[in-house]
Amino acid sequence: MGQQIITLAGSSSCAEATERCGRAVVERWPRYGRAPQVRDLPLERVEARLRTAEGARELAGGGPMLLVLGPEVAGARLYQLVDRIQQEMLPAVLLLPEVDDTARRLQAGGLIVEGHDADPGVLGAVLFALSERQATVRSLERDLAIAARYEGGVRGEIDRIHDELNLAAAVQKELLPRGLPALNGLEFGVLFRPASYVSGDIYDVMQLDERHVGFFIADAVGHGVPAALMTMVISRSLRMTRAGEKGREIVLPGEAMTRLNDELCRGTGENPRFSTAVYGIIDSATRRVTLAGAGHPPPLRIHGRRLTRVETEGPLLGVFAGERYNDTSFTMTEDETLLLYSDGFETAFAPSTPPEKGKHQRRSSDAYLGELASLRWPGAAGGSASEALLELAVRLDEQAGSLHQIDDVTAVAICGRGTAWAGRAGRAAA
């Protein structure tokens with residue numbers, strides 16, 4: 001163990017007491033420690049060095065300080081001295097003419113307050129302990145400084161990622177329809193809730209000509225940015241129309257899905273990404289619907305409180321090239337709603353299971369079907385598709401864990417209404 005150093009300083013009025021205290025501490029230094037070397041400094045120089053970071057570091061390298069203060073060191077001067085010692089985490093013992101409760105409250109960290117009549121043996125033990133622990137304090141101080149720098153770097157990186165995710169969410173939002181078609185006899189509604197910044201779900205509702213509207217919903221396997229990127233590829237790859245001899249002509253859903261699957265299979269390479277989807281076309285004049293599915297939850301035909309699944313055959317998109325997707329057709333009745341939705345509803349309304357590793361788990365269930373059936377859809381007490389989806393959004397908010405959704409939730413509703421109702425709705429909107 002190297003020889004310890006004590007910085008000894010005192011007020012001008014306490015020169016004799018300072019010398020006596022320093023000599024007594026050295027003489028009464030603990031026997032298991034080598035007697036320290038005493039470095040004498042004027043108190044004014046100690047105060048001057050404490051005013052700068054460089055000077056404080058120099059004092060820190062000189063071991064613990066024994067400061068003998070006279071009555072002239074009081075009030076603001078005393079508090080400034082104490083404040084700088086504590087800020088720099090310097091080990092020090094202050095000897096004051098009188099020690100009362102106010103003086104005792106100055107003690108904190110490595111600062112000890114005693115009177116001029118303190119036992120030199122006690123002072124020696126205190127200074128020895130402070131000198132022994134100072135190496136550990138400085139090591140912890142360096143570790144904290146390093147940790148603070150790393151924290152600043154991590155925080156900056158998190159902020160950068162946050163900004164990039166917000167930008168990704170804005171880009172994805174640009175791919176969504178800015179408005180829904182307004183055709184006589186049809187009403188459209190949408191519910192879109194990403195589980196995070198970006199969604200693994202995507203939807204589109206587009207008017208194809210004077211009578212026909214194409215509607216699409218897809219759910220990329222996975223979550224977060226990879227799934228969101230997949231939805232962007234899907235959105236740009238789906239071809240609803242093509243050039244024909246008489247201008248633009250509509251591509252039937254089965255053919256559109258077949259082409260989309262081949263396009264996705266060509267672009268996956270060694271890291272395939274899969275997706276479920278449903279694409280359909282509705283004729284506003286006849287309410288005839290033609291659609292094709294790719295492993296997606298079957299659309300629901302809703303009339304009043306009755307739900308009927310529309311089963312479609314077709315494998316996941318992006319798995320095998322050359323797959324063929326078949327069309328399914330039916331005619332919607334007046335006040336009937338066709339609902340396309342993602343599988344996020346299966347967990348959103350599922351009951352919570354007992355906690356596992358501190359977190360409540362949710363398993364897929366059919367509880368969401370009961371929730372959907374109880375909404376005020378058209379034909380049920382004069383409801384509408386948009387009102388039913390608003391009510392559905394409220395019910396989602398009421399579910400446990402709604403602030404941290406497990407999965408993205410998306411729904412597209414299409415309702416066939418009479419021409420008289422559509423005319424009234426158009427006038428009200430205007």
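This is a predicted model: local features need pLDDT of at least 70, side-chain atom pairs count only at pLDDT 80 or more; totals for chains, interfaces and linings use all residues.
Residues are numbered from 1 along each chain as its sequence is written, and side-chain values use heavy atoms, with hydrogens and water left out.

**The chain as a whole**

- The protein chain has 12 helices and 19 strands, where helices (H or I, at least four residues) and strands (E, at least two) are DSSP runs, numbered from the N terminus.
- Of the 430 residues in the protein chain, 45% are buried; buried means under 20% relative accessible area, exposed means over 50%, and partly exposed lies in between (1.4 Å probe, protein chains only).
- Among contacts between residues at least 6 apart in sequence, 69% join residues at least 24 apart, a contact being heavy atoms within 4.5 Å.

**Helices α6 and α7**

- The axes of helix α6 (residues 120–175) and helix α7 (residues 224–237) come within 11 Å and cross at roughly 25°, the axes being lines fitted to C-alpha atoms, for helices over the stretch in contact, with angles that run from 0 to 180 degrees between N-to-C directions.
- α6 and α7 are therefore roughly parallel to each other.
- The contact is made on the α6 side by Leu165, Ala168, Val171, Gln172 and Leu175, and on the α7 side by Val225, Ala228, Thr231, Met232, Ser235 and Arg236.
- The residues of this contact divide into 7 nonpolar, 3 polar and 1 charged, where Ala, Val, Leu, Ile, Met, Phe, Trp, Tyr, Cys and Pro count as nonpolar, Asp, Glu, Lys and Arg as charged, and the others, Gly among them, as polar.

**Salt bridges**

- Side chains of opposite charge can pair when their charged atoms come close.
- The whole structure holds 21 salt bridges, each being a side-chain nitrogen of Lys or Arg within 4 Å of a carboxyl oxygen of Asp or Glu.
- Arginine 23 and glutamate 19 meet in a salt bridge (3.8 Å, N to O), and both lie in helix α1 (residues 15–27), 4 residues apart, which is about one turn of the helix.
- In that pair, arginine 23 is partly exposed at 44% relative accessibility, and glutamate 19 is exposed, with a relative accessible area of 53%.
- Glutamate 58 and arginine 49 also meet in a salt bridge (3.2 Å, N to O); glutamate 58 is partly exposed at 41%, whereas arginine 49 is buried at 18%.
- The side chains of arginine 301 and glutamate 336 form a salt bridge too (2.5 Å, N to O), and this pair links distant parts of the chain, with arginine 301 in strand β13 (residues 300–303) and glutamate 336 in strand β16 (residues 336–341), 35 residues apart.
- Here arginine 301 is partly exposed, with a relative accessible area of 21%, while glutamate 336 is buried, with 4%.
- A network of salt bridges links Arg242, Glu249, Glu255 and Arg259.

**Glutamate 98**

- Glutamate 98 lies in the loop between β4 (92–96) and α5 (101–104), and with 69% relative accessibility it counts as exposed.
- Glutamate 98 and glutamate 114 are 16 residues apart in sequence, and their C-alpha atoms are 8.3 Å apart in space.

Methods: Angles under 35 degrees count as roughly parallel, over 145 as roughly antiparallel, 65 to 115 as roughly perpendicular and the rest as oblique.
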